[in-house]
Amino acid sequence: MTSNNKFMTFMIPVFSVFLGLFVGAIIMIISGYNPIEGYAALWRGAFGDAYTIGETIRRTTPLILTGLAIAFAFRTGLFNIGAEGQVIVGWLASVWVGIAIDAPFIIHLPLAILAGAIAGGLWGFVPGLLKAKLGVHEVIVTIMMNYIALHVSNNIIRSVLTDHATKTENIADTASLASDFLSNMTLNSRLHYGILIALFAAVIMWFIIQRTTIGYELKAVGFNKHASKYAGMKVGKNIILSMVIAGGFAGLAGAMEGLGTFGNIHVMSGFTNLGFDGIAVALLGANNPFGVVMAAFLFGTLKEGANEMPTGAGVPTELVDIIIALIIFFVASSYIIRWALLRFKKEGK
Amino acid sequence: MIDLLQSLIPTVLFFSAPLILTALGGVFSERSGVINIGLEGLMVMGAFVGIVFTLTFQDSLGSITPWIAVGVAGIVGGIFAIIHAVASVSFKADQTVSGVAINMLALGVGVYLTKQWYGKGQTDMVDGFFRTDIPILHKIPVIGPIFFEGVYATSYVAIIIAVVAWYVLYKTAFGLRLRAVGEHPMAADTNGISVSKIRYTAVILSGVLGGLGGSVFALTIVSNFSHSTIVGQGFMALAAVIFGKWHPLGAMGAAIFFGFAQSLSISGSSIPFLDGIPQIYLLIAPYVLTILALAGLIGRADAPAANGQPYIKGSR
């Protein structure tokens with residue numbers, strides 16, 4: 001049974017990705033494009049030269065973190081749709097610290113990163129608290145928190161950080177994650193040290209979940225709230241903690257954008273979509289930290305490669321969004337895929 | 001004061017019509033026990049279809065085009081919602097995840113087709129609905145000029161549909177069954193009600209209403225389709241569903257209130273007693289109020305009992 005389950009957790013994402021790419025090819029054929037040219041362009045766009053490889057890794061970085069943010073909360077049975085807002089506040093806080101404080105590199109950079117994580121954590125704390133104390137469903141609260149984050153952050157950029165400008169000044173060099181070394185190595189891409197932080201965060205999540213009492217309790221609450229309570233665990237505390245840590249991961253994703261990729265924050269007309277893509281990442285990665293890293297890399301590749309598709313094969317970049325949406329559907333409908341695969345296996349015997 | 005109302009009320013109604021329609025869709029879906037985060041995507045689909053239809057046929061059909069376009073958008077929205085129904089009812093997928101996927105899919109498909117058909121990321125502008133005077137009613141003294149002069153007819157269509165939705169949900173056998181399925185699917189099943197049939201119908205209805213809402217939004221407020229035509233209106237409609245406590249008329253009231261907040265954030269400075277309030281508070285008001293409502297600070301909002309749970313026959 002266990003080995004069967006492990007096989008399924010591995011097979012369903014792989015199967016879903018292939019199915020998604022297959023349907024993508026069909027869509028290209030129907031729209032009159034050549035799917036081989038289309039996917040070749042996607043491959044070139046993601047791995048064509050050192051520059052695109054650098055950009056692919058850069059794009060993967062925040063996706064790992066938002067994926068972790070959603071996967072971590074999932075382990076406690078919570079659905080964190082609020083990664084989107086947590087990214088924005090994390091981004092804002094890290095850039096704010098990056099601009100406002102004057103300190104040597106060794107203090108400034110960690111402080112700015114920490115600010116991002118704390119801001120994201122606070123944004124996760126609110127829905128966690130409401131869920132723990134009042135039983136309010138976290139999905140709706142986090143959605144609302146997303147919009148509050150968007151509008152409040154835009155307002156702060158316009159009227160506190162700048163004088164009605166749409167973009168802040170750049171952060172001090174002492175708070176920057178940008179790296180001349182990485183950038184030169186990849187033909188001036190925007191690749192920055194953030195990827196190391198993202199990978200480290202994945203290890204942290206693995207460590208918390210698998211190797212600590214806190215992680216054990218968080219998982220237990222996710223499996224069965226009532227049994228955990230009966231066993232003497234504080235369910236409410238664990239729910240809040242889970243949301244705060246999840247928010248912290250998402251806040252870090254924002255800090256990666258603020259301190260690494262852009263070096264500033266701009267007024268946003270809509271969401272970054274990092275949080276929503278994180279849902280896809282967590283789902284495909286089966287809420288496992290290493291699965292999340294791989295899934296983030298896949299989506300980073302698809303999204304970066306998509307940029308080459310219009311010029312290389314005439315295919316609109318949105319094809320990749322359609323493919324990602326389909327992959328989510330397939331993974332989410334695993335009930336039916338599981339059933340089909342089992343059926344198939346049985347008949348094979 | 002009358003001048004003020006006369007400028008404010010049509011604007012409020014104008015902003016709230018799409019929210020009312022979409023929120024009603026949310027009410028149907030959620031009352032049957034299917035969470036619908038995908039309202040945003042359904043609106044995107046509606047907006048896309050509404051604009052494309054109007055662009056294609058406005059020369060041959062003339063001024064009636066927007067009305068037909070809205071109808072077609074409703075139908076396509078309903079068909080599109082079947083994906084959500086299949087995933088969340090038949091395949092027992094996590095309904096929130098499926099809704100998120102609907103949002104991504106709608107935007108992807110909409111912009112993909114726009115680029116393919118028009119060769120650019122956004123469509124041309126269309127002639128959508130225009131402000132009109134409602135016949136006869138606008139002649140009523142005082143009330144007439146405030147409510148019925150220079151308004152969009154769509155606003156009143158939305159309000160009428162809300163009343164119809166209330167009637168359907170609370171006064172018909174179908175409505176009773178739908179609510180029963182949302183509260184206790186097993187009990188409903190035992191009484192011979194097909195849970196999946198009701199849930200399919202409800203989700204498709206939410207698609208129709210979401211499609212109507214999206215197309216009305218596009219044809220009255222934005223006039224073209226691009227990736228930024230619908231940004232958050234679907235989620236605001238979802239907020240209206242909850243703030244209105246899953247009741248059609250409540251959702252309508254909440255939608256009108258949110259429409260009010262939206263129109264104030266755009267034209268707030270012209271109103272004497274509100275000009276001191278920074279725009280930011282009006283922008284976030286709908287969301288903050290929804291959280292407060294959920295937290296029980298503004299009356300308790302309880303979701304239908306079986307909301308979000310796939311029904312698997314024979315399981316407890």
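How far apart do the end C-alpha atoms of residues 105-126 of chain A lie, and what percentage of the span is helix? The end atoms are separated by 32 Å, and the span is 100% helix and 0% strand, helices (H or I, at least four residues) and strands (E, at least two) being DSSP runs numbered from the N terminus. The model is predicted, with pLDDT of at least 70 needed for local features and 80 or more for side-chain atom pairs, while totals for chains, interfaces and linings use all residues. Residues are numbered from 1 along each chain as its sequence is written, chains are lettered from A and ligands numbered from 1 in the order in which they are written, and side-chain values use heavy atoms, without hydrogens and water.

An unreviewed UniProt entry lists transmembrane regions in chain A, among them residues 105-126 and 191-209; positions follow the numbering used here, feature names are shortened, and annotations may be inferred rather than shown by experiment. Residues 191-209 of chain A are 84% helix and 0% strand, with end C-alpha atoms 29 Å apart.

Between the chains, 40 residues of chain A are in contact (heavy atoms within 4.5 Å) with 37 residues of chain B. Chain A and chain B bury about 3500 Å², 81% of it on carbon and sulfur atoms; buried area is the accessible area (1.4 Å probe) that two parts lose on being put together, summed over both. Met144(A), Tyr147(A) and Phe329(A) supply 19% of the area that chain A buries against chain B, more than any other three residues.
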